[in-house]
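Visitor: Hi! Could you walk me through this one?
Guide: Happy to. Here it is.

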Amino acid sequence: MDENKLNSLVGQFLQDLGGAFSVPLVQIGEHLGLYEALNDAGPSTVTEIAQSTGVAERYMREWLSAQAASKYISYDADTEKFWMTPEQAFLLADRDSPFYLAPAFGAAATFQQNEPQVREVFKTGAGIPWGEQTQCLSCAVARFFRPGYQNNLVQSWLPALNGMVEKLEQGARVADVGCGHGITTAIMAQAFPNSEFVGFDFHQPSIDAARDHVAAHSLTNVRFEVSLAKELPGHYDLVTIFDCLHDMGDPVGAMKHVRELLDENGACMIVEPMAGDRLADNLNPVSRLYYSASTMVCVPTSLAQENGAALGAQAGEKRLREAIVDGAGFSHLNRVAETPFNLVLEARP
């Protein structure tokens with residue numbers, strides 16, 4: 001045994017365990033607005049931040065200490081004050097930041113709640129229907145993806161589709177497939193009031209949440225319906241599929257149906273987790289997150305459906321291309337945009 005390698009591995013494990021142990025603390029900080037309060041206040045003592053937030057001082061002291069040890073916030077030993085650097089705030093206090101990562105800890109918590117069910121299907125090879133997974137999963141997933149959608153969808157992804165923004169400004173028909181809580185549908189509907197948007201999802205509670213979401217924003221150019229991807233009604237200028245194609249049991253069948261729904265010169269925008277085409281390309285921090293999420297949620301969800309293709313969250317562009325172009329009959333598939341977390345593809349009939 002190489003002692004240096006052992007020590008390095010122990011150090012990595014301790015970092016990982018620190019992050020795992022931090023999951024409930026970050027959730028507390030997010031839900032109680034503690035990060036925003038600390039960022040707004042500037043350097044503060046335990047007493048000062050406890051009084052300003054209405055949190056019991058003893059709990060606040062322990063929480064702040066844990067956050068400082070994690071380097072999620074900063075601490076000065078001379079003044080005994082805590083604060084957030086601009087970089088720390090960008091990740092934990094700015095809910096509109098594209099790198100707002102606090103919701104990711106909530107997603108991690110729901111994956112842990114899924115563990116007993118997933119452990120059982122490891123032995124049988126069966127799937128777990130989306131609606132039978134941990135209760136808060138759909139909420140956690142919606143919150144996890146929201147910052148990326150909010151900062152990229154209208155600003156860069158839609159403009160990357162040839163001529164699509166002009167169509168949307170004039171008035172187009174759009175289907176948002178697998179819309180979940182309707183975050184993406186609402187973002188597009190707000191940006192393009194002359195267009196009509198329909199969000200589809202096979203999960204009734206998600207559709208109910210989506211309807212509540214748009215009602216709160218008083219949007220009149222969007223509606224939501226429960227439907228399987230292979231059974232969507234209507235004809236559209238644009239079909240969008242955000243981070244859910246790999247979750248489908250029959251993605252090829254779904255894409256065949258989408259191709260039939262597209263009008264002449266229509267397009268389908270597919271957003272998937274960023275991934276290379278080989279495991280060797282994906283041995284990095286981002287793929288590490290996605291492989292873990294895929295094991296706990298994406299693969300069980302797909303295996304519970306017809307065909308059970310189980311592409312996984314790290315399918316990669318080559319495998320997606322084979323499914324969409326070769327399998328579903330699209331003639332063109334191009335990568336039009338990307339982020340450290342997203343792969344954005346444009347499919348044309």
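Guide: One definition to begin: helices (H or I, at least four residues) and strands (E, at least two) are DSSP runs, numbered from the N terminus. This is a predicted model, where local features need pLDDT of at least 70, side-chain atom pairs count only at pLDDT 80 or more, and totals for chains, interfaces and linings use all residues. Residues are numbered from 1 along each chain as its sequence is written, and side-chain values use heavy atoms, with hydrogens and water left out.

Visitor: Okay, where is Asp247 found?
Guide: Asp247 sits in the loop between strand E6 (236-242) and helix H12 (251-261).

Visitor: Is Asp247 buried or exposed?
Guide: Asp247 is buried, because its relative accessible area is 13% and buried means under 20% (exposed is over 50%, partly exposed in between; 1.4 Å probe, protein chains only).

Visitor: And what does Asp247 touch?
Guide: Leaving out residues up to four places away in sequence, Asp247 touches Cys298, Thr301, Ser302 and Gln305. Contact means heavy atoms within 4.5 Å.

Visitor: New topic: how do H8 and H10 pack?
Guide: Helix H8 (residues 137-157) and helix H10 (residues 183-191) pack at an angle of about 25 degrees, with axes 9 Å apart. Axes are lines fitted to C-alpha atoms, for helices over the stretch in contact, and angles run from 0 to 180 degrees between N-to-C directions.

Visitor: What do you call that arrangement?
Guide: H8 is roughly parallel to H10, since angles under 35 degrees count as roughly parallel, over 145 as roughly antiparallel, 65 to 115 as roughly perpendicular and the rest as oblique.

Visitor: Which residues make the contact?
Guide: Among them are Ala142 and Arg146 of H8, and Ile183 and Thr184 of H10.
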